[in-house]
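The following exercises concern the predicted model shown below. Each consists of a task and a solution worked in steps.

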2 protein chains.
Amino acid sequence: MPRKKSYNEDEVIEKAMEVFWKNGFEMTSMQQLEKEMGINKFSIYASFGSKEGLFLRSIQCYKEKLQKVVEKLRRSTDGIEGIKAYFYDFITFSKEHEMVKGCLVTNTANELRADANPEILAALSDFTSEIRSVFLEKIQQDSNLKIDDPEEKADYLLVAMFGLSSASRVFTQKQLHHYIENIFNNL
Amino acid sequence: MPRKKSYNEDEVIEKAMEVFWKNGFEMTSMQQLEKEMGINKFSIYASFGSKEGLFLRSIQCYKEKLQKVVEKLRRSTDGIEGIKAYFYDFITFSKEHEMVKGCLVTNTANELRADANPEILAALSDFTSEIRSVFLEKIQQDSNLKIDDPEEKADYLLVAMFGLSSASRVFTQKQLHHYIENIFNNL
DNA sequence: AATTAATCTAAACGATAGGTTAGAAATAAT
DNA sequence: ATTATTTCTAACCTATCGTTTAGATTAATT
């Protein structure tokens with residue numbers, strides 16, 4: 001009996017994700033989302049419940065997109081070198097034409113305070129934990145060098161990755177490369 | 001003839017700066033500022049013109065506060081070790097009780113987009129340039145190690161400092177220490 | 001063709017944003 | 001004590017925020 005939906009949810013979420021990625025949660029208005037997603041406010045609320053619901057789905061969508069890069073890291077067998085490649089891959093991933101958008105997860109962590117929506121905060125910390133555990137695995141896998149405290153190195157690289165995500169929106173390509181090269185110099 | 005102002009501009013700016021530092025520019029409302037600064041909107045606009053004008057003065061106020069830490073770095077004579085001490089000093093500086101507020105300049109860079117108020121953007125890039133040049137000076141001053149490319153190392157430490165400022169709001173004290181120690185391992 | 005149940009458009013909702021203004025209160029000079 | 005000039009209070013302004021709703025539109029079922 002019903003009328004057919006004129007849009008695909010997965011398609012419009014990808015548009016929403018792009019807007020949130022570029023502008024952040026607070027700086028993105030529902031009116032902007034209507035325009036970019038190509039559907040009406042009514043439809044957005046019918047499909048996603050609220051702006052926060054839409055954002056949560058956008059984060060999921062972002063993670064799925066990034067998973068391809070993370071999978072490559074997972075499959076790598078050269079230890080630390082694989083992590084270094086992941087750093088470079090991330091910059092490529094987050095770059096659109098000349099503009100670099102950073103990481104949606106990191107951008108959100110920078111934007112939100114500790115009293116934000118718990119579901120959103122959980123999504124952020126889940127992602128951080130996942131990346132850290134992959135880093136740890138690669139560090140322990142590395143046979144070239146004897147590392148006394150793998151947990152410490154995992155923290156180091158995790159914070160370095162977070163820093164790179166933030167810095168990628170501000171600094172030049174050259175500066176970011178200098179950063180990455182030196183981060184992996186001492187390992 | 002006139003009535004006396006019941007508040008001191010420098011005093012209320014410090015209150016405003018604290019609020020912006022904790023919550024960011026967009027997330028801070030004029031109503032919140034009224035309350036925290038202890039004066040009316042009328043007085044705020046009479047003294048500072050606009051929310052952006054108030055923010056600009058807050059950034060100046062922040063820089064002056066941080067200058068004490070930067071001055072210590074400037075006076076240091078042990079090269080890279082002085083920069084490392086600055087990293088630790090910054091964490092202490094930005095910590096209030098248990099909560100870490102990061103760096104107001106970095107927080108703002110993370111929050112704003114490239115099309116933001118030019119005066120504010122200029123204030124941010126001026127500060128970044130200043131820190132970079134102090135780092136460069138300390139790197140060149142360091143006699144312990146032969147550094148082939150001081151400019152590259154300056155970029156490295158500048159981006160690392162930016163990353164630390166962002167990360168300080170998210171990660172634990174221990175993780176931040178692991179980060180700093182490893183940043184300076186390879187130099 | 002009529003019915004039914006969903007989607008869609010578009011207007012409106014209350015709340016709050018940054019910013020303004022009229023008038024009362026206060027102070028120094030005349 | 002009156003006047004002149006500034007500060008202050010408090011109400012108000014317009015615009016926009018996220019969200020909701022009424023009514024027209026559409027399409028599958030009877």
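**Exercise 1. State how the two protein copies meet and how they are related.**

Step 1. Of the interface residues of chain B, 100% are also interface residues in chain A, so the copies meet through the same surface. This is a predicted model, in which local features need pLDDT of at least 70 and side-chain atom pairs count only at pLDDT 80 or more, while totals for chains, interfaces and linings use all residues. Residues are numbered from 1 along each chain as its sequence is written, and chains are lettered from A and ligands numbered from 1 in the order in which they are written.

Step 2. Count the contacts: 26 residues of chain B are in contact with 26 residues of chain A (C-beta atoms, placed from the backbone, within 7 Å).

Step 3. Assign the side of chain B that touches chain A to helices: α6 (104–111), α8 (150–167) and α9 (173–183) of chain B each supply at least two residues. α8(B) provides the largest share, 10 residues. Helices (H or I, at least four residues) and strands (E, at least two) are DSSP runs, numbered from the N terminus.

Step 4. Classify that side of chain B: 12 residues are nonpolar, 9 polar and 5 charged. Ala, Val, Leu, Ile, Met, Phe, Trp, Tyr, Cys and Pro count as nonpolar, Asp, Glu, Lys and Arg as charged, and the others, Gly among them, as polar.

**Exercise 2. Describe the packing of α8(A) against α8(B).**

Step 1. The two axes come within 8 Å and cross at roughly 100°. Axes are lines fitted to C-alpha atoms, for helices over the stretch in contact, and angles run from 0 to 180 degrees between N-to-C directions.

Step 2. α8(A) is therefore roughly perpendicular to α8(B). Angles under 35 degrees count as roughly parallel, over 145 as roughly antiparallel, 65 to 115 as roughly perpendicular and the rest as oblique.

Step 3. Residues making the contact include V159(A), F162(A) and L164(A) of α8(A), and V159(B), F162(B) and L164(B) of α8(B). By class, 10 are nonpolar, 4 polar and none charged.

**Exercise 3. Describe how α8(A) packs against α9(A).**

Step 1. Helix α8 (residues 150–167) and helix α9 (residues 173–183) of chain A pack at about 175°, with axes 11 Å apart. This angle makes α8(A) roughly antiparallel to α9(A).

Step 2. A160(A), L164(A) and A167(A) of α8(A) meet L176(A), Y179(A) and I183(A) of α9(A). The contact has 6 nonpolar residues, with no polar and no charged ones.

Terms used:
Two residues are in contact if their C-beta atoms, placed from the backbone, lie within 7 Å.
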